Amino acid sequence: MKKTLLAVAIPTLLIANTANAYELINEEGKFVDFYGQLRTQLEKKEDKDVTLNAGSSRAGVNAKYAVNEDLDVVGSVEFGVGYSEGSYDIKNRLHFAGFATQAGTFTFGRQLVSADDVWGADYSYFFGGTGIALTSEKLSGGKHDSAIKYKFEGENFWVNSTYGLSEDDSNQELAELFLGTSLAGFNLHVGGGYNRDKSLVLGKATTTSMVPTDNDEDGTIDANSFATVSTSTDITADIENTYFEGTVERSFGPALIGLTYNNASFEQEGTNRTLDVDTIMLATSYSVASNASIYGGYEFTNFDAQDGTTSMSEDYTVIYLGGVYHLNSWSRVYAEYGYADGATLSYKNDEANINVARGEKDAENSFAVGYRVYW
């Protein structure tokens with residue numbers, strides 16, 4: 001779940017985003033805080049065992065120092081704890097510094113892309129957000145290691161933009177711009193970007209060969225003795241993506257409703273292989289008490305692909321329902337049900353040949369329960 005424009009309009013969502021960071025320094029012109037969240041989640045997916053592990057816990061430090069009345073220097077570093085293949089790994093998630101002025105904030109380094117900052121009409125904790133995941137974050141994964149970001153927040157208008165340096169193609173090319181405003185009781189934003197990965201890894205290719213060996217171990221290679229050697233190499237593709245997103249949200253007393261449209265056009269350079277993705281995300285949340293709410297969402301995605309002379313079209317549907325209860329301002333528990341049906345299309349490696357392949361969900365049901373502690 002991301003904090004969009006109206007996320008702070010409902011008391012429950014306000015509580016959810018007011019984690020009390022520990023202030024290391026809080027003096028005139030100097031501010032440093034230590035923040036974080038511990039996540040634990042229990043999941044049950046169809047035809048799979050129940051899992052219990054960390055759900056992207058993280059911790060970090062924010063710093064802000066005043067140079068003068070018109071200029072502050074800012075910085076942030078954040079580490080995440082992810083559960084993968086039976087182990088908990090600590091990795092750097094964010095690392096950036098910059099400066100803040102009346103005209104906006106500029107930051108440089110490893111950062112979330114603007115599409116991840118802005119997000120869309122997704123109020124879920126587990127199963128929603130397919131529109132963002134299948135369009136603007138499909139290549140980037142939501143971050144860029146060498147990003148230049150500009151953000152401006154006025155009373156009724158904001159800007160969020162990111163430019164990613166490719167650094168001799170060691171990083172992806174990235175350029176994004178999103179604009180938001182409030183109008184007649186509605187909060188809305190529009191934007192999009194361009195993303196290109198010239199060496200996107202789609203899988204592995206394994207080749208075998210016969211090489212002479214020292215079979216009798218006398219220190220010399222035996223001409224008539226051979227061993228099989230396997231070599232694994234990455235299968236890569238040059239993929240570019242142009243995407244667009246628009247969201248409108250409005251609150252009605254204790255209720256919040258939002259609608260997002262996402263579009264992405266993927267193309268593999270040098271081939272007649274394209275993929276167009278269109279997604280509608282409709283979500284709502286309702287505060288049943290000052291510390292509890294229920295929420296739900298419907299997300300529909302259409303894929304149209306051209307793979308050489310073959311045309312493909314698929315639909316994919318996600319529905320989620322859930323509820324969240326805040327024990328206090330620094331902890332909450334939530335439960336969610338998810339339903340997925342249809343097929344997704346994406347670039348994949350099939351026996352060392354890149355193509356557009358299907359990933360099918362046949363009316364699958366999933367359940368999850370999570371708990372978070374903030375500081």
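This text walks through the structure shown above, from the whole chain down to single residues.

Let's begin with where the picture comes from. The model is predicted, so local features are described at a pLDDT of at least 70 and side-chain atom pairs count only at pLDDT 80 or more, whereas totals for chains, interfaces and linings use all residues. Residues are numbered from 1 along each chain as its sequence is written, and side-chain values use heavy atoms, with hydrogens and water left out.

How confident is the predictor? Its confidence in each residue is the pLDDT, on a scale from 0 to 100. The average for the protein is 89, and 88% of the residues reach at least 70. Residues 3–19 have a pLDDT below 50, and this stretch has 51 contacts in the model beyond near neighbours in sequence. A contact here means heavy atoms within 4.5 Å.

Now for the overall build. The protein has three helices and 18 strands. Both are DSSP runs numbered from the N terminus, with helices (H or I) needing at least four residues and strands (E) at least two. Of the contacts with a separation of 6 or more, 57% join residues 24 or more positions apart. The protein has 375 residues, and 43% of them are buried. A residue is called buried under 20% relative accessible area, exposed over 50%, and partly exposed in between, using a 1.4 Å probe and protein chains only. The accessible surface comes to about 19100 Å², with 54% belonging to carbon and sulfur atoms. Such areas come from the Shrake-Rupley method with a 1.4 Å probe, and for residues only the protein chains shown count as cover.

Next, look at how strands sit side by side. Two strands are said to pair if DSSP finds at least two bridges between them. Strand 2 (residues 30–45) and strand 3 (residues 51–54) are an antiparallel pair with four bridges. Within this pair, Leu-42 faces Leu-52 of strand 3. The hairpin of these strands has five residues between them, and Asp-47 takes a positive phi near 65 degrees there.

What lies inside? A nonpolar core is a set of buried Ala, Val, Leu, Ile, Met, Phe, Trp, Tyr and Cys residues joined through side-chain atoms within 4.5 Å. The largest one has 28 residues, of which Ile-239, Phe-266, Leu-275, Val-277, Phe-303 and Tyr-347 touch the most other members. Strand 12 gives the largest share of this core, four residues. A second, separate core has 12 residues, including Tyr-125, Phe-126, Phe-127 and Tyr-320.

Is Asn-241 buried or exposed? Asn-241 counts as buried because its relative accessibility is 0%. Its side chain reaches the backbone oxygen of Thr-135 at 3.0 Å. Beyond neighbours within four places in sequence, the contacts of Asn-241 include Thr-135, Leu-139, Tyr-194, Ser-265 and Phe-266.

Ser-136 lies in the loop between helix 3 (130–134) and strand 8 (143–153). With a relative accessible area of 5%, Ser-136 is buried. Apart from neighbours within four places in sequence, Ser-136 is in contact with Ala-115 and Tyr-243. The C-alpha atoms of Ser-136 and Ser-265 are separated by 9.9 Å, although these residues are 129 residues apart along the chain.

Finally, visit two residues with a positive phi. Asp-168, which is not a glycine, has a positive phi of about 55 degrees. Asp-168 sits in the loop between strand 9 (157–164) and strand 10 (173–183) and is exposed, with a relative accessible area of 81%. Ala-363, also not a glycine, has a positive phi of about 50 degrees. Ala-363 belongs to strand 18 (residues 353–374) and is partly exposed, at a relative accessible area of 29%.

Conventions
A polar contact is a pair of N or O atoms within 3.5 Å; within protein, one must be able to donate a hydrogen and the other to accept it, and residues adjacent in sequence count only if both atoms are side-chain atoms. pLDDT is the predictor's confidence in each residue, from 0 to 100.
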